[in-house]
Amino acid sequence: MPKRDYSLLGADARRAVEIGLATAEWYHTDVPRKEMKALMQRSDAQAIRDTELLFGAMILFVGLGIALWPSWWSAPFWLAYGVLYGSAMDSRWHECSHGTAFRTPWMNNVLYEIASFCMMRNSATWRWSHARHHTDTYIVGRDPEIAVMRPPVFFKLIGNFFGIFDAWTAMNRMLYSAFLGVHPEEKTFVPESEWPKVVRVARISTVIYLATIALALAMGSILPLMVIGLPRLYGAWHHVMTGLLQHGGLADNVTDHRLNSRTVYMNPVSRFIYWNMNYHVEHHMFPMVPYHALPKLHAAIRHDLPAPNRSIREGFAEMWPALVRQLKYDDYFIKRELPPTAKPYREDFHTAALGTAAE
Amino acid sequence: MSEWVDACSVDDIETEDVIRFDHGGKTYAIYRSPDDEWFCTDGLCSHEQVHLADGLVMDYVIECPKHNGQFDYRNGEAMRAPVCVNLGTYPAKAEDGRVLVQVA
Ligand code: FES
């Protein structure tokens, strides 16, 4: 019997509120105000350049994919287009949901809507679920965005590299919202004033997918779906790979992001696709800092953080065996060591999580 | 009408910035605008009670450090999700190098 109840309406959710784990005070590294102010500064320039590059590359790859269709020579271009649609859009969705990508609000909003659609996320719902993820990061029963639940279900983890279960759930939720209204779980974190917007967004998305399917039927070809919809599946692998590393195998039910989040050094291509979210401890501690300033923030606070993994490969080598171990022992997790210069973890806060199976 | 309270020196707040001010068991945020005007609001975000003084001032907007909700600090208006409830605002002015606020 799994010990953890991840439902937002279940026993662990109630327990988290009772014992003060919900909406708790989290640890922050001290950064002088002047320095933090400089790190938080917004600009449009870098995000405009990155967005032009992203959409330019998508148009080029999809154009070549269509031109060479149905030959196998089109495959590399679909794979490249797919990863930009099904993975880079995840990080754009994320950064724009924080409103930190651009300084100009409408630019954040436009990219947020496009990216939400590509990722099959309701733009009205997910804004709120992500706020909860930041309030209660990996607090069981509170965080609606826990990617790896314990014990891990490996066929789901692996299936999601191709978006299979995610997209299926997203489609069901879209149709539910379009026809039946806001789901009861979502009502726990989306304010009532936003419910009409949730339904409206779901209906618009449904219409776009129906139109794409109708076009595919009329053409007698899946080509329209290769452009809209399917890339969420065949291009998902990169965002799942990086997303698993964010918190996978680390502690839950703690209030220190150094314990439950992972920073991983990555190659420049992955960092472009992921928009620097590999600096994940830093992002969670200071969500006000835009993606382009995260390397500087990392340099400013690394003395107080666990050593980052030096590559995606190293991150997986650390995480995957821990996930396998959690199959047998739900309570097992990796406890990350702090450098001697760091302020220690508040062990008194975390005895329930830290006192069990860490090694 | 309540008294003007001496909150801090004008030099304690940089242009386009904010500081926290605690008084009478309540916490406030005092702002210095890009044009060196003075404003005062409730100090805690109306979403999850986080100190706004740790946030970012951009023109006449204060962005909350927790979930990036935004308020217009001139009138307290909630401008960007996840904030929905406006902030209380209080008169503020600078006199003889001091910042004065009229808080209850
Ligand atoms: S606490 Fe301020 S936006 Fe959530």
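Tutor: Let's talk about a sheet, a helix and an arginine.

Tutor: First, it's a predicted model: local features need pLDDT of at least 70, side-chain atom pairs count only at pLDDT 80 or more, and totals for chains, interfaces and linings use all residues. Residues are numbered from 1 along each chain as its sequence is written, chains are lettered from A and ligands numbered from 1 in the order written, and side-chain values use heavy atoms, without hydrogens and water.

Student: What's the strand order in the chain B sheet?
Tutor: E5-E6-E7-E8, an open, antiparallel sheet of 4 strands. Strands are DSSP runs of E, at least two residues, and helices H or I runs of at least four, numbered from the N terminus; pairing takes at least two DSSP bridges.

Student: Which strands stand at the edges?
Tutor: E5 (56-58) and E8 (77-80) of chain B; each has a single partner strand, so one side of each lacks a neighbour in the sheet.

Student: And how many bridges join E6 to E7 in chain B?
Tutor: 3. Val61(B), for one, has Asp72(B) as its bridge partner in E7(B).

Student: New topic: where is Arg127(A)?
Tutor: In helix H6 of chain A, residues 123-135.

Student: What comes after H5(A)?
Tutor: Met120(A), with a positive phi near 60°.
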